[in-house]
Amino acid sequence: MSQNGTGVDLDKSLGYLLKEASSALRAAMEEVLRPLGMTITHYSCLELLAQRPGLSNSELARGAFVTRQSMNVLLQALERDGYVTRPAEAPVGKALPTRLTPRGRRSLEKASAVVRSVEVRMLSSVTEAEQSDAFRILQSMTHSLRDGNDGP
C-alpha cells in the first residue's frame, strides 16, 4: 500500500521500477538511434530479420511489440528505402517473407554498435553474477505473467 493507504507504494513496487528501467532504456536507445535515422522499432525489425531471415509481417510485429498495421507501414518504408526485400507474391499462403538487403545489413551493424553501447552503460555497475541472476529472474517473471501463473 502507498503512504495514504490506497494503491501501490511506488517506492517499493518492483513492477513500477521495471517500467521505469524500461522507459530509461528506451529513451537511451532512441537517443543513440536517432542520429542514424532509426527508431527502436526500425532497429528491432532489422535485428529480428538478421537473426531470422524470412519472417512474416505478423512475426515481425510480435517480435518488435507493435501491431501488424504498424509493422506493415514500417516494412513498406524499409522496402522503399532499400533496407529489406519482400517477394511480390507470397510463396505459400499470404505471408510475404522479408529479408535484409546489403544496405539493411550495413545499417544494422551501425545500429547494433550504438545499442550495445547503451546496454554496456546500463550494466556498467552490475557484476556478471548479478546480470545472470537478473536475466533468470526477469525470464521467470515474464513466463509467470504469460502463462497466467498466480504464484508459487
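A: Helices (H or I, at least four residues) and strands (E, at least two) are DSSP runs, numbered from the N terminus. This is a predicted model, in which local features need pLDDT of at least 70 and side-chain atom pairs count only at pLDDT 80 or more, whereas totals for chains, interfaces and linings use all residues. Residues are numbered from 1 along each chain as its sequence is written, and side-chain values use heavy atoms, with hydrogens and water left out. As a case, Thr-98 belongs to the loop between strand 1 (84-85) and strand 2 (99-100).

Q: Is Thr-98 buried or exposed?

A: Relative accessible area decides this: under 20% is buried, over 50% exposed, and in between partly exposed (1.4 Å probe, protein chains only). Thr-98 has a value of 0% and is therefore buried.

Q: Which residues is Thr-98 in contact with, leaving aside neighbours within four places in sequence?

A: Contact means heavy atoms within 4.5 Å. On that basis Thr-98 is in contact with Leu-49, Pro-53, Gly-54, Leu-55, Leu-60 and Leu-75, and also with Val-84, Thr-85 and Arg-86.

Q: Where does Phe-65 lie?

A: Phe-65 is found in the loop between helix 3 (57-64) and helix 4 (68-80). Its relative accessible area of 68% makes Phe-65 exposed. The backbone also deserves attention: phi of Phe-65 is near 60 degrees, a positive value in a residue other than glycine.

Q: How many salt bridges does a search of the whole structure find?

A: A salt bridge is a side-chain nitrogen of Lys or Arg within 4 Å of a carboxyl oxygen of Asp or Glu. The search finds 5. One of them joins Glu-30 to Arg-26, with 3.3 Å between the closest N and O atoms. These two residues are 4 residues apart in helix 1 (residues 14-33), so about one helical turn separates them. Glu-30 is partly exposed at 30%, and Arg-26 is partly exposed at 44%.

Q: At what angle do helix 2 and helix 5 pack?

A: Axes are lines fitted to C-alpha atoms, for helices over the stretch in contact, and angles run from 0 to 180 degrees between N-to-C directions. Helix 2 (residues 40-51) meets helix 5 (residues 102-122) at about 110 degrees, with the axes 10 Å apart. Helix 2 is therefore roughly perpendicular to helix 5 (under 35 degrees is roughly parallel, over 145 roughly antiparallel, 65 to 115 roughly perpendicular, the rest oblique).

Q: Which residues form this contact between helix 2 and helix 5?

A: Helix 2 contributes Tyr-43, Leu-46, Glu-47 and Ala-50, and the residues of helix 5 include Gly-104, Arg-105, Leu-108 and Val-115. By class, the contact has 6 nonpolar, 3 polar and 2 charged residues (Ala, Val, Leu, Ile, Met, Phe, Trp, Tyr, Cys and Pro count as nonpolar, Asp, Glu, Lys and Arg as charged, and the others, Gly among them, as polar).

Q: How do helix 1 and helix 5 pack?

A: Their angle is about 145 degrees, and their axes are 9 Å apart. Leu-25, Ala-28, Met-29, Val-32 and Leu-33 of helix 1 make the contact with residues of helix 5, among them Ala-111, Val-114 and Arg-121.
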